[in-house]
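Reader: I would like to learn how to read helix packing and a nonpolar core. Please start with the terms.

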Amino acid sequence: MLDTLLPWLAILLGFMGLIWSADKFVEGSATIASRFGIPKLIIGLTVVAFGTSAPEVVVSISSSLKDSGDLAIGNAIGSNLANIGLVLGVTALIAPLPIKAHILKQEFLIMLAVFGLAGIFLFDSQLSLIEGLILVSLLLPLLFWIAYSKKQHPEEEEELPETTSLNMGILWFVIGLILLITSAETLVWGAKDVAMQFGVSPLIIGLTVVAVGTSLPELAASVMSALKGHHDIAIGNVIGSNIFNLLLVMGIAPIIKPIAMEAEVFSRDFTAMTIITLFLGGAMLFSYLRNKSHGQLGRLVGIALLLLYASYYVLLF
């Protein structure tokens with residue numbers, strides 16, 4: 001009985017640890033950076049951007065080191081599905097999400113280009129070292145592009161945690177980093193064991209349990225922002241997170257060890273991610289063209305996103 005429950009306990013504790021430690025890692029990193037006079041924009045682009053993707057990145061590294069690279073790929077794709085279907089869906093139900101023109105003209109098009117490249121690499125159900133290096137190498141130019149974009153829209157800078165003393169910042173940085181790694185190790189171990197118990201592949205576990213778990217920080221942040229009225233950049237943040245997932249989370253896994261995957265990764269999972277992404281793009285474009293000054297994603301779109309996300313789970317099982 002204990003052997004059966006222990007992996008589930010490991011998953012639960014891993015989730016809780018990832019959420020708490022990612023928050024403290026960001027807080028500590030932002031404090032250290034600000035105390036050394038690093039501009040807020042740069043902190044937002046690096047520390048905060050990495051911090052929100054830290055659970056996915058650490059799980060990707062950990063699972064690849066444990067010969068479960070397909071779990072890492074499932075985590076990247078599943079997190080993108082959760083970001084759009086679950087995070088944006090729930091947030092749109094709470095409050096309408098305003099659509100910015102530059103998101104349609106810049107960020108969304110960049111995300112589609114990244115999706116296209118990822119699709120080409122996933123088509124043969126393998127990810128090689130070279131393909132991983134190409135994905136990760138695109139991250140730095142993308143950061144420069146985001147920096148330029150945010151300078152044109154300074155109102156969309158990331159909200160950073162209030163900074164404390166340098167000593168406390170260092171303490172939270174160290175504790176957060178250690179717990180991030182430990183929590184990811186615990187989560188991956190539990191997820192692999194549960195997969196073995198039920199005869200489910202690590203890919204499915206990555207697409208479902210791990211993906212939703214590592215997306216919980218984004219969900220919590222988006223819901224809290226919407227409740228507080230700070231929901232105007234939710235779409236941009238989700239798009240940015242999805243780009244990071246494909247370039248960094250998916251790219252880093254084959255660098256550690258080349259990955260061979262099930263054919264369904266492209267035919268089922270990547271296709272589902274593309275469909276829900278194109279639906280989001282279509283909904284944004286339709287709303288923006290109807291009312292360019294007050295275009296928004298409302299509750300009907302939120303419901304549709306949640307239904308599409310639920311349909312994917314029906315397809316999985």
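Author: Contact here means heavy atoms within 4.5 Å. Note also that this is a predicted model.

Reader: What describes two packed helices?

Author: Two packed helices are described by the angle between their axes and the distance between the axes. In this model, helix H5 (residues 129-137) packs against helix H9 (residues 234-256) at about 150°, and their axes are 7 Å apart.

Reader: How are H5 and H9 oriented to each other?

Author: Angles over 145 degrees count as roughly antiparallel. H5 and H9 are therefore roughly antiparallel to each other. Their crossing is left-handed.

Reader: Which residues in H5 and H9 meet?

Author: From H5 come Leu-129, Gly-132, Leu-133, Leu-135 and Val-136; in H9 they meet Leu-246, Leu-247, Met-250, Gly-251, Ile-252, Pro-254 and Ile-255. By class, this contact has ten nonpolar residues, two polar and no charged ones.

Reader: How many residues has the largest nonpolar core, and which have the most contacts inside it?

Author: The largest nonpolar core has 62 residues, and those with the most contacts inside it are Ile-73, Leu-122, Ile-235, Met-250 and Leu-297. Elements giving two or more residues to this core include helix H3 (69-94), helix H4 (101-122) and H9. H9 gives the most, with twelve residues.

Reader: What does Ile-73 touch?

Author: Leaving out residues up to four places away in sequence, Ile-73 touches Leu-122, Leu-127, Met-250, Ala-253, Ile-259, Met-261 and Val-265. Apart from this core lies another, of 18 residues, among them Ala-54, Ala-184, Leu-187 and Ile-205.

How values were computed. Residues are numbered from 1 along each chain as its sequence is written. This is a predicted model: local features need pLDDT of at least 70, side-chain atom pairs count only at pLDDT 80 or more; totals for chains, interfaces and linings use all residues. Side-chain values use heavy atoms; hydrogens and water are left out. Axes are lines fitted to C-alpha atoms, for helices over the stretch in contact, and angles run from 0 to 180 degrees between N-to-C directions. Helices (H or I, at least four residues) and strands (E, at least two) are DSSP runs, numbered from the N terminus. Angles under 35 degrees count as roughly parallel, over 145 as roughly antiparallel, 65 to 115 as roughly perpendicular and the rest as oblique. A crossing is left-handed if the near helix is turned anticlockwise from the far one by less than a right angle, and right-handed if clockwise. Ala, Val, Leu, Ile, Met, Phe, Trp, Tyr, Cys and Pro count as nonpolar, Asp, Glu, Lys and Arg as charged, and the others, Gly among them, as polar. A nonpolar core is a set of buried Ala, Val, Leu, Ile, Met, Phe, Trp, Tyr and Cys residues joined through side-chain atoms within 4.5 Å. Buried means under 20% relative accessible area, exposed over 50%, partly exposed in between (1.4 Å probe, protein chains only).
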